[in-house]
Number of protein chains: 2
Amino acid sequence: MARPKPLSGFPEFLPAGRMVETAVLDILRETFELHGFASIETRAVETMDTLTRKGEITKEVYVVRRLHADETEQGKADDLGLHFDLTVPFARYVMENAGHLAFPFRRYQIQKVWRGERPQEGRYREFLQADIDIVGQDALPEHFDVEAPLVMLAALERMHVELGLPQALMHVNNRKLAEGFYRGLGIGESGGEFEQVNTLDVLQRVDKFDKIGGEAVVELLTGELGLSAEAAGKCVSLAGICTPDDSFVDQVRALGVEHEMLDEGLELLRRVVLAANRRVPGRMVADLKIARGLDYYTGTVYETELVGHEKLGSISSGGRYDSLASDGKVTFPGVGISLGVTRLLGPMISKGRIAADRSVPSAVLVAVDDEETRDVAEEVAQALRGRRIPCEVAPKADKFGKQIKHADRRGIPHVWFGGLNGQVKDIRSGDQQDADASTWMPPAEDLRPRITMEA
Amino acid sequence: MARPKPLSGFPEFLPAGRMVETAVLDILRETFELHGFASIETRAVETMDTLTRKGEITKEVYVVRRLHADETEQGKADDLGLHFDLTVPFARYVMENAGHLAFPFRRYQIQKVWRGERPQEGRYREFLQADIDIVGQDALPEHFDVEAPLVMLAALERMHVELGLPQALMHVNNRKLAEGFYRGLGIGESGGEFEQVNTLDVLQRVDKFDKIGGEAVVELLTGELGLSAEAAGKCVSLAGICTPDDSFVDQVRALGVEHEMLDEGLELLRRVVLAANRRVPGRMVADLKIARGLDYYTGTVYETELVGHEKLGSISSGGRYDSLASDGKVTFPGVGISLGVTRLLGPMISKGRIAADRSVPSAVLVAVDDEETRDVAEEVAQALRGRRIPCEVAPKADKFGKQIKHADRRGIPHVWFGGLNGQVKDIRSGDQQDADASTWMPPAEDLRPRITMEA
């Protein structure tokens, strides 16, 4: 076999990089479970019928077929494709199992997803996502809009504190706030000054704020949609509001626009921001230009940047949707937020900016005197494992210097010599001491690989 | 959306079933890591070129294509297919990254695999596997043949003790033992009585022992291969030997065949069986009819049954291979064993024979007095989470009876009332006591869902 080359867009890690990923996944799982989210996994494939319900997205789908499929198996609605996110499969799972689930249903799902894109620099074709959603039957109280982002922020904060990952900053908005504000200006409002203008058309143009700037947006709003300069200016002013606390409320009020839906949006956004300020201070801003997909989210919306790594784009996004799925009789509203694990970690791991300090889980290498006494070394290892100390036995009864080198190459911090009552050497400091395999413990921080992020 | 139907061969679990799977995966991961195996994951796809290296297997491959692929993208050697096991991708990973890995390289890999089979009762098309392998560069000491099965047996034993899964019984043999025995009879041995007969042809027929019985095998060996009745009889006698200890050695010796390779095989098998008897007594037998794939394994081979569930077939198999991969200059010999997680759990979970006692991770439901004081309940929940107690806050300030019912439906054992100094009720016993959210702990066994297997 010639040496194979990596496939563009399908990232794979060496063991020390994979350890970073598992450390992150452990934090995600523990945080989600502490908040009562149950794990589910869905199959990797969905019928094309399920996947193409959203139309446009089909161009990114990987179709899956049996190599020796009969002609009769091809081109049917039940052809299979790899899922491209975890929302579509989750919606299908909820519909399929609704009778067996207790609502509101809180689930987390950490799985690979695939996008059938052309190979292209920086584009992943396989990547790992971690989603949480809370889904109700017919109704879902709005306090879940407050909870969902706090759970993800709690996980991101632990990654920052425990693994040295950059700080996260979540940008939050509420679609009702903008919608209510526009309606208060008479846009799309029956009897209003701009009754014929669609609020989504306004939102779509305001969404370009970051790219083209406020003045250009005003031109679009007046030129293309026929808003007055004053109304257009207010729409842009609204989009420019971004505060780390609830002072956005006064700033919006100062624009002098009134509408019931605006009040609703302001109050809900205020609750989200205040709760975040209590629980994870400094990690959330009310950012009134955030829109996220135009026809899906209906309330709170979230986007998240890594401070100092803004060019990664949003690593964690989500929001409230009024209908995850519906069978015509029952509707399932929900609120959720998704973390792009590979988007977050892939570049840092590949560039070696973050890594574990060893390539194996072992905290101890048990040296072997000679092959005749390998059993003794195995016994020591078993005693250590019985007390949850990861270890391995040296592969060969080489000279001790060579066995220490074996540990060193892998970053294993301790080497054990002799039997159950032996000696253990910390190969970083060179310290060697008598040790009893039934009581000795390495320093707690040596039990697991340490993750370090370059400064 | 009409209610979707399950896809045959793609198992999915409800949350309480998934909890069984995660409990098993936790045991596997912990056991593997305590033995120094590093986690890796490989991408779900390989090039068809890599997948079809083994010829025949191609009929079970799922081909993966972009829905809107250009014509130029199709039918090339770099077409992609879903991996059908974890060995082929691992071999490719080792070749691709050999320069960055430290050998002997110990890795575990727990991932889904796919087989593009026709839908068929009881056949999985997507399933979860857990593999461990130890791979050397050019050489790999034989003591790893002893270690690999013990690691898997240790994990299976924990599943038995901690989760109530059936006992495992591993059947072990050594390919050198049979090969040496046949050569000792003069089969395929230069100058031997049956020099022209291929030992693999003998093995292939002896492998039918279980299906057609000893007498029929003797007929095949004499009729088709031209062995003497005596030699054929000895081959069949060898295959009939199965002992829970090393008494198989004397039974083989009693057949009066001698060969250096036989001695080697006997000694290695003896070491495996004795080590297993020390570490996990009663869970391994030397079973001299076990062959496993004819042209792949070269030394020790393993198969594993669940006692009382033999019809599941082997849930965990593997062995020694002299060449996992080779680039012509360097060869990578290894020894590994694979557990079919879905094969093991799928039927039991689907039939509800094993399940968790709750459908959520939460050990506590924090009740809400009224919506005005939801913050107080959130504060209690945060205090409990700070001490790693999974909990959730009631979705609605319903009457307490209704909130208790909410907990009961999910199997949440405890309900908290009031603030940080509140009261907690064990809803199974009805006991209610004062509790301080900064110190109260539920009984340790309530912290995680309990898995129970029906008797």
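# Reading contacts, burial and packing

Visitor: Which residues does A:Glu33 touch, not counting residues up to four places away in sequence?

Guide: A:Glu33 touches B:Pro361 and B:Pro390; two residues are in contact if their C-beta atoms, placed from the backbone, lie within 7 Å. This is a predicted model, in which local features need pLDDT of at least 70, side-chain atom pairs count only at pLDDT 80 or more, and totals for chains, interfaces and linings use all residues. Residues are numbered from 1 along each chain as its sequence is written, while chains are lettered from A and ligands numbered from 1 in the order in which they are written.

Visitor: Where is A:Glu33 placed, and is A:Glu33 buried or exposed?

Guide: A:Glu33 belongs to helix 1 of chain A; helices (H or I, at least four residues) and strands (E, at least two) are DSSP runs, numbered from the N terminus. A:Glu33 counts as buried because 21 C-beta neighbours lie inside 10 Å. The cut-offs are 20 or more other C-beta atoms within 10 Å for buried, 12 or fewer for exposed, and partly exposed in between, with C-beta atoms placed from the backbone. Helix 1 of chain A, residues 15-34, also holds A:Leu28. A:Leu28 has 22 C-beta neighbours inside 10 Å and therefore counts as buried. Leaving aside neighbours within four places in sequence, A:Leu28 is in contact with A:Ile110, A:Ala130 and A:Ala155.

Visitor: What share of the residues of chain A counts as buried?

Guide: Of its 455 residues, 49% count as buried. The chain has 14 helices and 19 strands, and its C-alpha atoms fill a box of roughly 95 × 60 × 45 Å along the principal axes. Among contacts between residues at least 6 apart in sequence, 68% join residues at least 24 apart.

Visitor: Why is helix 5 of chain A described as largely enclosed?

Guide: Helix 5 (residues 175-184) of chain A has 10 of its 10 residues buried, so it is largely enclosed by the rest of the structure. The buried residues include A:Arg175, A:Lys176 and A:Glu179 as well as A:Leu177 and A:Phe181. They pack against strand 7 (168-174), helix 6 (199-206), helix 9 (229-239), helix 11 (260-279) and strand 10 (300-306) of chain A. After helix 5 of chain A comes A:Gly186, with a positive phi near 90°.

Visitor: How is the packing of two helices described?

Guide: Two packed helices are described by the angle between their axes and by the distance between the axes. Axes are lines fitted to C-alpha atoms, for helices over the stretch in contact, and angles run from 0 to 180 degrees between N-to-C directions. In chain B, the axes of helix 6 (residues 199-206) and helix 8 (residues 214-223) come within 9 Å and cross at roughly 155°. These two helices of chain B are therefore roughly antiparallel to each other (over 145 degrees; under 35 is roughly parallel, 65 to 115 roughly perpendicular and the rest oblique). The contact is formed by B:Val202, B:Arg205 and B:Val206 of helix 6 with B:Val217, B:Leu220 and B:Leu221 of helix 8.

Visitor: Which residues touch the most other members of the largest nonpolar core?

Guide: Among its 272 residues, these are A:Val20, A:Cys235, A:Val366, B:Val20, B:Cys235 and B:Val366. A nonpolar core is a set of buried Ala, Val, Leu, Ile, Met, Phe, Trp, Tyr and Cys residues joined through C-beta atoms within 7 Å. Beyond four places in sequence, the contacts of A:Val366 include A:Ala377, A:Val380 and A:Trp416.

Visitor: Which peptide bonds and phi values call for notice?

Guide: Most residues other than glycine have a negative phi, and most peptide bonds are trans. Here the bond from A:Phe103 to A:Pro104 is cis, with omega near -5°, and the bond from B:Phe103 to B:Pro104 is cis, with omega near -5°. A:Pro104 lies in the loop between helix 3 (87-97) and strand 5 (105-114) of chain A. A:Asp138 has a positive phi near 70° and sits in the loop between strand 6 (126-135) and helix 4 (143-163) of chain A. With 11 other C-beta atoms within 10 Å, A:Asp138 is exposed. A:Arg388 has a positive phi near 60°, and its 12 C-beta neighbours inside 10 Å make it count as exposed.
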